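Visitor: Hi, can you walk me through this one? I'm new to reading structures.

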Amino acid sequence: MKIKTEKLTVSTKGNCDVVNITESVQSLIDKYELHEGNVTVFVVGSTASISTIEYEPGLRKDLPQLLEKLIPSGQKYFHNDTWGDHNGHAHLRSTLFGCSQTIPFIKGDLMLGTWQQIIVIDFDERPRERKIIVQLVGE
Ligand code: ZN
């Protein structure tokens, strides 16, 4: 059993920018020639999330629209009073979606559906460089 930890850096535009990192995660399984195990993908920071989606243009518009209804960006948030920030909505969205996913792999392939990709969603209100920790456990 091996444990390998790697770091990815992803540039985002903020404001619900969705970045597909599936190929980068799969390439790490390939790099270490792992056959079976699981990979945890974790975004460092409290205004972004890791999730999965069918990465196509429609859903990339639907997702921000849904979030604008659930946790509107223009609303008053106590967090903004705490620090003089304007990103209370981004923190709440990150908490709702969570900061990591664990995905199994078998025969060296991520067990994702054909139309299921691993994504980073950046909820902050400005462009960011996101640090993603990818930890592989397997053999
Ligand atoms: Zn904040």
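Guide: We'll take the overall fold, then the metal site. Keep in mind that this is a predicted model.

Visitor: Okay. How many helices and strands are there in the protein chain?

Guide: The protein chain has 4 helices and 8 strands. Along the sequence, the pattern reads β-β-α-β-β-α-α-α-β-β-β-β.

Visitor: What's the radius of gyration of the chain?

Guide: The radius of gyration is 16 Å. The globule rule gives 14 Å for 139 residues, and the two values are close, so the chain is as compact as a globular protein of that length. The C-alpha trace spans about 50 × 30 × 20 Å along its principal axes.

Visitor: And what share of the residues count as buried?

Guide: Of the 139 residues, 40% count as buried. The accessible surface of the chain is about 7900 Å². Carbon and sulfur atoms hold 53% of that surface.

Visitor: New topic. Which residues coordinate the zinc ion?

Guide: H79, D85, N87 and H91 do. Both histidines use NE2, while D85 uses OD and N87 uses OD1. The distances are 2.1 to 2.2 Å.

Visitor: How are those donor residues spaced in sequence?

Guide: The spacing is H-x5-D-x1-N-x3-H. H79 sits in helix 3 (residues 78-83) and H91 in helix 4 (residues 88-97), so this pair ties together parts that are 12 residues apart in sequence.

Methods: Residues numbered from 1 in each chain as written. Predicted model: local features only at pLDDT ≥ 70, side-chain atom pairs only at ≥ 80, totals over all residues. Heavy atoms only, no water. Donors = N, O, S within 2.8 Å, 3.2 Å for Na, K, Ca; no water. Helix = DSSP H or I, 4+ residues; strand = E, 2+ residues; numbered from the N terminus. Rg over C-alpha atoms; globule rule 2.2 N^0.38 Å. Buried < 20%, exposed > 50% of the residue type's maximum accessible area, 1.4 Å probe, protein only. Areas by Shrake-Rupley, 256 points an atom, 1.4 Å probe, with all protein chains shown as cover.
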